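Reader: I have not seen this structure before. Please show it to me, and then I will ask about it.

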Amino acid sequence: MSKKKLVFSGVQPTGNLHLGNYLGALKNFVSLQKEMDCIYCVVDLHAITVFQKPNDLRENVFETLASFIATGLNPDRSIIFNQSAVSGHAELAWILNCTSRIGWLNRMTQFKDKAGSDKEKASVGLYIYPNLMAADILLYKATHVPVGADQKQHLELSRDIAQKFNSDFNCKDFFPLPEPLISKNVARVMSLRDGKKKMSKSEESDYSRINLKDSADDIDKKIKKAKSDSEPIPDNLKNLEKKPEALNLINIYSEISKISLDKVLNEMSGKDYSFLKKNLTELLVKEITPVGKEIKKLLNDKSHLEQILKKGKEKANIIAEENLKNIREKVGLI
Ligand code: TYM
C-alpha cells in the first residue's frame with residue numbers, strides 16, 4: 001500500500017458559510033495544506049440531494065470556492081474543484097452503492113434529521129448520500145479527512161465501505177481506511193440561540209450563526225443577542241456542563257484567541273458574560289470581516305474563479321481516472 005498521506009475534504013455549496021464551517025473545517029484545510037497534499041472539493045452533487053434552484057446553485061458554487069480562497073487555500077498548492085466536473089465521483093458512487101449495505105445507511109443519523117418525519121418524500125439521493133461521500137474520498141485514495149464532528153458517522157461508513165470493497169475483491173489495503181481529522185474544541189460549533197443544536201445554514205434564525213460575510217455590526221448584534229448565562233463566568237469547566245450556550249461562547253473565544261480553555265476561565269472567572277462577549281466580538285470582527293470582504297471581492301471576478309475550477313478539475317481528473325482504471329479492473333468491468 002502506498003504510504004503517501006493525502007487529504008480530501010468537501011463543503012456543500014448551499015449558501016452562506018458560517019463560523020462552524022470556518023472553525024470546524026476551513027481553518028484546518030488551510031493548515032493541512034502546509035504539511036500534506038490536499039484536495040478540496042465544492043460538493044455540488046451532494047447539494048442537489050435537496051432541491052436547489054439552478055441559478056442559486058451556480059452562484060453558491062462560486063461563493064463556496066471564494067470562501068475557500070478567502071480563508072487561505074492556495075490553488076497552486078492544493079487541488080480545488082467542483083465535484084460534478086469530475087465524473088469519476090458519480091461512477092465510483094454507483095460501484096460503492098453496490099458495496100454499501102442498506103442496514104448501514106439506515107443507521108445514519110443525518111439522514112434521519114434531514115429527511116424529518118416524512119422519510120417517504122426524501123430523495124433517494126439524500127438516502128445514499130453517504131455512499132457518494134465515501135466515493136469522494138476513496139476516488140483519490142485519501143488517507144486523512146478534516147471534518148467537523150457532525151460528519152464522523154459518515155467517515156466511519158466510508159471506512160466500512162473501503163474495508164468491504166478490499167475484502168470482497170480480495171485486494172487487502174487497496175483502499176486506505178480514511179482517518180477523520182476533527183479538531184477538539186470546535187468539533188461542533190453550536191447555535192448562538194440554542195447550545196444543544198449545531199450552528200447550521202439551515203437554522204431559520206440568522207441570529208443563530210455568524211456568517212463569513214457578516215459585517216462588524218451584524219457580528220456585534222448577534223453576539224450581544226447570543227444566549228449565555230445570568231451567573232458570572234465560573235472558574236472551571238465542570239460548572240459549564242449544564243450551560244451549553246455559555247460553554248459554546250467560551251469555546252469559540254478560546255479557539256480564536258488560541259488561549260486554552262482553562263486559561264480563559266482563569267482570566268475571566270467572576271466576570272459577567274458581557275465582558276466575554278465584548279472581547280469575543282472584537283476577536284470575531286478582526287478574524288471574520290476580512291474574510292467576508294475578500295469573498296465579496298473574489299466574487300467580482302468570476303473568470304478568475306472559473307480558471308481555478310478548471311485547473312483543479314484537470315489535476316483531480318488525472319488522479320481519479322488512474323484510480324478508476326484500477327477500480328474497474330478489480331470489479332471486473334471491461
Ligand atoms: P457541510 O457542507 O455540511 O459542512 C462543511 C464542513 O463544515 C463542518 N461543519 C461544522 N463544524 C463544526 N461546527 C459546526 N456547526 C459545523 N457545521 C458544519 C462539517 O463537518 C464539514 O466538515 N457531507 C459533507 C460534505 C462532504 C465531504 C465529503 C466532507 C461531501 N463529501 C468528503 C469530507 C469528505 C457536508 O455536508 O459538509
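This is a predicted model: local features need pLDDT of at least 70, side-chain atom pairs count only at pLDDT 80 or more; totals for chains, interfaces and linings use all residues.

Reader: Where does the ligand sit, and which residues are the closest to it?

Author: The ligand sits in the largest pocket.

Reader: How far is a polar side-chain atom of aspartate 150 from an oxygen atom of the ligand?

Author: Glutamine 12 places an N or O atom of its side chain 2.8 Å from an oxygen atom of the ligand. Glycine 20 uses a backbone N or O atom, 3.2 Å from a nitrogen atom of the ligand. For the polar side-chain atom of aspartate 150, the distance to a ligand oxygen is 2.4 Å.

Reader: How much of the ligand does the protein bury?

Author: The ligand taken alone exposes 700 Å². Of that area, the protein buries 97%.

Reader: Is serine 78 buried or exposed?

Author: Serine 78 is in the loop between α3 (54–71) and β3 (79–82). Its side chain makes a polar contact of 2.9 Å with the side chain of glutamine 33. The relative accessible area of serine 78 is 2%, and buried means under 20%, so serine 78 is buried.

Reader: Alanine 226 is in a loop too; is alanine 226 buried or exposed?

Author: The loop of alanine 226 runs between α9 (216–225) and α10 (244–257). The C-alpha atom of alanine 226 is 9.9 Å from that of glycine 195, and the two residues are 31 residues apart along the chain. With a relative accessible area of 5%, alanine 226 is buried.

Reader: What is phi of asparagine 170 near?

Author: Asparagine 170 is in the loop between α8 (152–168) and β5 (179–181), and it counts as exposed at 72% relative accessibility. Most residues other than glycine have a negative phi. Asparagine 170 has a positive phi, near 50°.

Reader: Is lysine 258 buried or exposed?

Author: Lysine 258 is in the loop between α10 and α11 (261–268). Its phi is positive as well, near 60°. Exposed means over 50%, and the relative accessibility of lysine 258 is 70%, so lysine 258 counts as exposed.

Notes. Residues are numbered from 1 along each chain as its sequence is written. Side-chain values use heavy atoms; hydrogens and water are left out. A polar contact is a pair of N or O atoms within 3.5 Å; within protein, one must be able to donate a hydrogen and the other to accept it, and residues adjacent in sequence count only if both atoms are side-chain atoms. Accessible areas come from the Shrake-Rupley method with a 1.4 Å probe; for residues, only the protein chains shown count as cover. On a 1 Å grid over the protein atoms alone, a cavity is a set of points where a 1.4 Å probe fits but cannot get out, and a pocket is an open set with protein on both sides within 12 Å along at least five of seven lines; lining residues have an atom within 4 Å of a point. A molecule sits in a cavity or pocket if more than half of its atoms lie within 2 Å of its grid points. Helices (H or I, at least four residues) and strands (E, at least two) are DSSP runs, numbered from the N terminus. Buried means under 20% relative accessible area, exposed over 50%, partly exposed in between (1.4 Å probe, protein chains only).
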